[in-house]
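I opened the model to look at how its strands pair. My notes follow the order in which I looked things up.

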Amino acid sequence: MKKSALLIGGLASLVLLSGCGWFQRSSSKRENIAEPKELTELAPSLGVKEIWSRGLGKGAGMSGIRMMPALAGGNLYSAGVDGEVLALDAASGKQLWKKDFDLRFSGGPGVGQGVVAIGGLDGDVIALDAANGTERWRARVSAEVVAAPAIGDGTVYVRSNDGRVYAFDINDGKQRWVNDRGTVPLLSLRGNAAPRLAGELVLNATDAGKIMAMRSSDGAAAWEQALAVSEGRTEVERLSDIDGDIFIDGDVGFAGAYHGQVVAFSVTSGRQLWNRTLSGYTNVGVSASQVYAVDDQSQVWALDRASGASMWKQDALLHRWLSGPAVQGDYVVVGDLQGYVHWLAIADGKLVARERLSKDAIRATPLVVGDTVYVVDAKGKLGAFRAQL
């Protein structure tokens with residue numbers, strides 16, 4: 001079945017999406033999109049500098065895909081829609097190996113247990129040796145893969161765009177199970193949340209605004225929790241998608257949904273610990289005391305981690321179509337539609353630093369590793385920025 005999807009990005013236009021292929025953009029709705037708020041002059045109080053940058057092949061462009069390199073063992077692994085896969089030294093950006101495939105990558109990479117796993121626009125899943133890029137196996141799922149695979153306990157878990165979750169043996173790619181209970185409404189946001197592993201459970205955030213927990217052993221349902229309720233007169237008003245990845249800390253999970261809530265929940269049972277009405281299209285960031293969310297107007301919120309109560313709100317980046325927030329020490333980091341990276345103080349939301357990677361949108365959540373932040377833009381440029389924490 002075909003479905004329509006709402007592309008959230010610089011244009012936020014409606015697109016028609018085939019279940020297992022590329023999409024074609026329909027007429028633009030630019031007249032309904034507010035202009036991004038102009039940036040004001042900033043006197044930075046946090047020192048940040050770019051330490052290296054490089055191209056990663058063809059970027060995601062207007063596809064709405066949010067592909068970000070993955071880190072393991074001091075190496076960064078990246079994939080592009082043109083079939084290029086790279087391994088880089090995270091400290092210097094030096095290329096360690098490069099492979100080219102006759103595939104259109106769109107989900108990942110995911111890395112773990114010595115394997116790099118990537119999904120494609122035609123439903124392909126490929127596993128490579130992390131040390132040298134040698135292909136280990138290929139598999140096929142029922143629709144395109146636009147989220148990073150998860151790897152753990154000798155298994156590669158893949159979410160396809162039609163709501164199914166697959167488990168493949170990490171050694172030979174043999175399918176262990178598939179869960180097809182994830183419903184996909186007629187209209188949803190462009191993108192999927194990646195599967196998340198939590199002990200003996202696999203968590204899947206659905207396009208219908210629910211979190212489903214499955215047993216990692218056989219894919220059987222363990223519990224289900226709704227973050228958003230589909231209401232309204234039109235398909236757009238009834239959008240209730242979860243596209244941002246779930247954050248897990250021990251037995252507590254945090255997630256947010258479009259036209260829904262930011263929720264803290266028990267990973268074991270799915271029981272809500274608190275909820276806060278807030279419509280967003282990205283993941284949340286979490287520190288020791290607060291949860292950070294970007295709403296659908298690109299306002300950045302800090303919520304109390306224990307109760308969900310509002311701590312502060314920053315609207316200086318209004319309508320700049322921000323990436324998901326990442327926490328770096330005492331700061332929150334976001335990218336925007338014009339290639340800027342912004343640092344906000346977690347104490348009060350004040351903007352403390354700004355750097356520019358390029359003039360192209362940064363949709364993927366920044367990757368934070370200690371004092372370094374890695375960001376990638378829609379044309380495939382990757383930059384590493386070091387903050388003086």
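**Entry 1: the model.** I am working with a predicted model.

**Entry 2: the open sheet.** I looked up the strand order and found β22-β23-β24-β25, 4 strands in an open sheet with antiparallel pairing. I noted the edges: β22 (247-249) and β25 (272-277) each pair on one side only.

Entry 3: I picked β24, residues 261-266, which pairs with β25 in the antiparallel sense over 5 bridges. I traced Val263 across to its bridge partner in β25, Asn275.

**Entry 4: β15.** Is this strand covered or open? I found 5 of its 5 residues, 165-169, buried. I sorted the side chains by direction: Val165, Ala167 and Asp169 point one way, Tyr166 and Phe168 the other. Both sets are buried.

**Entry 5: β14 with β15.** I counted 5 bridges between β14 (residues 155-159) and β15, again antiparallel. Thr155 stands opposite Asp169 in β15. I looked at the hairpin these strands form and found 5 residues between them. Gly163 in the turn has a positive phi of about 95 degrees.

**Entry 6: β15 with β16.** I moved on to β16, residues 175-179, which pairs with β15 in the antiparallel sense over 4 bridges. Tyr166 has Val178 in β16 as its bridge partner. I found 5 residues between the strands of this hairpin too, with Gly173 at a positive phi near 80 degrees.

Key. Residues numbered from 1 in each chain as written. Predicted model: local features only at pLDDT ≥ 70, side-chain atom pairs only at ≥ 80, totals over all residues. Heavy atoms only, no water. Pairing = 2+ DSSP bridges. Helix = DSSP H or I, 4+ residues; strand = E, 2+ residues; numbered from the N terminus. Buried < 20%, exposed > 50% of the residue type's maximum accessible area, 1.4 Å probe, protein only.
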